[in-house]
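Subject: Handover of a structure

Dear colleague,

Please find the structure below, handed over for your own work. My notes on what was found in it follow directly after.

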Amino acid sequence: MSTAPMPEFPDGFRWGVSTSAHQIEGATTADGRGTSIWDTFARSPGRISDGSSGAVACDHYHRHAEDVALMAALGVGAYRFSIAWPRVRPDGSGATNAVGLDFYDRLVDDLLTAGIDPVATLYHWDLPQPLEDAGGWLHRDTAAHFAEYAERTAARLGDRVRLWITLNEPFIQMSLGYGMGVHAPGQMLLFDAFPVAHHQLLGHGLAVQALRAHTASPIAIANNYSPVRVLGDSDADRAAGTAYETLHNRLFTDPLLGRGYPDLPGLDPTVVRAGDLDTIAAPIDVLGVNYYNPTGVRAAEEGSPLPFDLVPLDGYPRTAFDWPVAPDGLHELLRWLRDTYGEALPPIEITEGGCAYDDEPDAHGQVADPDRIAYLDGHLRAVRAAIDDGVDVRGYFVWSLLDNWEWAEGFTKRFGLVHVDYATQRRTPKSSYTWLRDLIAGSAPGSAR
Ligand code: FCB
C-alpha cells in the first residue's frame, strides 16, 4: 500500500456505501412481501454454496435504525440501497403493497435526518416470482411491469430520493441468471439469453420516462465493467478478447448512449422492435460504474459453446473470492469509458467497489482487515488518477456497508466495512471502517488535508 498521502478529492465528491435489499433485509415474508426468484432459487438444493437463504440475512428490515447510525458515524454523504420489487408489488404486476413502501419511506426519512443522501436502486435482481413464471426477463411484458413498479415507487419516494438507479448490473442478471444458471432464476440459455438484455434495457428506458414524471432527481443505471486482458497473441485470442469486451462492457452501454447494439455474433436481434432503441437511449444523468476486477480472456477450446475462454490472471493479490486485486484496471476502465463514448458519456459515479476477505473478530472483539484498507486505498487512488486525466468521476460507493448474503455464495463471503455475526446480528465496525471514516473526515472541505 502506498505510503504517500491520499491525494485530495474534488469538493463535493460523494462518499457512499452500497447494499441491496435481498442481501441484507431478511423479513422475506413480513408485511405482505411477495416471493422473489432468489427465495425460490435458494430453496432449490445445491444452488447456494452453504445451503443458506436470504430469509433473515442481516435482519436490516428490523435493524435499519442501527445501520443508519453506523453510516452516520462513518460520515458518508450517501447510501445506495435497493428497493425490493416484491415488497412493493407482491405479484409483480398487480396491487401496490403500501406497507412494503412504508419501510422505504421510513428509511429515506431516517437517512435525510442523518444528513445522508438516499440513492435508490429499483432492481437488484429480486424479480417477483410470478413474473418469472410468466417468462421473466425473456418476456417483453416484464419491461412494462418494471416501469409501472418504478412509477408507483417514485410516486411515493420521488420527492426525497436524491439519485435513482434503475437496474443493477443487467449483464450479471443476463449472464449468470439466464445464461449460465449460477444465479436465480437458474436458466442456462447461453447466447439465447439475449432477450434478457434487451428487455432489461427497455425496462430501464421506460422506467426513466416514468421516473421523470415524479422526480426532479438525477437518474442512473449501474453497469458492471471489467477491462479485458487478452492472454496469448494469436488472432483467435484477440478476437476472443473483442467478443468478451463487447459482451461485458459494450452490450449494455452502447445502446444506452445512443449507439444501438454492438456487433456480436450469436445475438438474435428479432426481439428489438421499432422505437425500442430510442426508448433505451433516453438521456440519463449519471452512469453508475461497478468495478471489481479485470478479466483474462483467450481463444476458446475447439467445440466450446462460447467464443472465448476465461482464464485466471496471474501476478495480482487475490481476495477470498479469488478475484485479482487490480486498481490499475479501474484507472484503465475509466479512461476507456471516456475514450470510447466521448461527449455521450454522462458523469460517472462508482456505484460499487470492494472485496471479500475472511474477516473474524480477534480475542478482544476487534476485526482487523488490512487487505480491505489496501484495496480501498489503491482503488481510490486509481479514481483520483482518472479524475486527473479528465474523467468526470463524482463519487465512490463501497460495497458494502455490512457483511451480507452473497447470492450463490451464501454467507461465505464477507464484503462489509462492518462485520456481522449472523447468529446474534451483532455489528462490529472493522478497521477499514475506521480508516474510511478518517479519510472522509479529512477530505471534507475546510479540513487540513
Ligand atoms: C456485485 C453485485 C453485488 C455484490 C457484489 C460483490 O456484482 O452487484 O450485489 O454481490 O457484486
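This is a predicted model: local features need pLDDT of at least 70, side-chain atom pairs count only at pLDDT 80 or more; totals for chains, interfaces and linings use all residues.

**Findings**

At a relative accessibility of 10%, Pro 346 counts as buried.

Pro 346 belongs to the loop between α12 (327-341) and β10. Although Pro 346 and Leu 287 are 59 residues apart in sequence, their C-alpha atoms are 5.9 Å apart in space. Once neighbours within four places in sequence are set aside, Pro 346 is in contact with Leu 257, Ile 284, Asp 285, Val 286 and Leu 287.

Strand β10 itself spans residues 348-352 and includes Thr 351. Thr 351 has a relative accessibility of 1% and therefore counts as buried, since the cut-off for that class is under 20%. Which residues does Thr 351 contact, leaving aside its neighbours within four places in sequence? They are Ser 18, Arg 80, Ile 165, Ala 222, Gly 288, Val 289, Asn 290 and Phe 397.

**The chain as a whole**

The chain contains 14 helices and 13 strands. Its radius of gyration is 21 Å, close to the 22 Å that the globule rule gives for 449 residues, so the chain is as compact as a globular protein of that length. Taken along the principal axes, the C-alpha atoms fill a box of roughly 55 × 55 × 45 Å.

Of the 449 residues, 60% are buried.

**Cysteines**

How many disulfides does the structure hold? The number is zero. For Cys 58, the nearest cysteine sulfur is that of Cys 355, 17 Å away. Cys 355 is likewise in no disulfide, its nearest cysteine sulfur being that of Cys 58. A pair of cysteine sulfur atoms must lie within 2.5 Å to count as a disulfide, so the distance of 17 Å between these sulfur atoms rules out that assignment. Cys 58 is buried, with a relative accessible area of 0%, and Cys 355 is buried with a relative accessible area of 0% as well.

**Backbone geometry**

Most residues other than glycine have a negative phi, and most peptide bonds are trans. The following places depart from that pattern and may be of interest for your checks.

- The peptide bond from Ala 184 to Pro 185 is cis, with omega near 10°. Pro 185 lies in the loop between α8 (170-179) and α9 (194-212).
- A cis peptide bond also links Trp 399 to Ser 400, with omega near 20°. The loop that holds Ser 400 runs between β11 (393-399) and β12 (418-421).
- Ala 57, which is not a glycine, has a positive phi of about 50°. Ala 57 is placed in the loop between α2 (37-43) and α3 (60-74), and at 3% relative accessibility it counts as buried.
- Trp 125 has a positive phi, near 80°, and is also a residue other than glycine. Trp 125 is found in the loop between β3 (117-123) and α6 (129-133) and is buried, with a relative accessible area of 5%.

With kind regards

How values were computed:
Residues are numbered from 1 along each chain as its sequence is written. Side-chain values use heavy atoms; hydrogens and water are left out. Helices (H or I, at least four residues) and strands (E, at least two) are DSSP runs, numbered from the N terminus. The radius of gyration is taken over C-alpha atoms; the globule rule is 2.2 Å times the number of residues to the power 0.38. Buried means under 20% relative accessible area, exposed over 50%, partly exposed in between (1.4 Å probe, protein chains only). Contact means heavy atoms within 4.5 Å.
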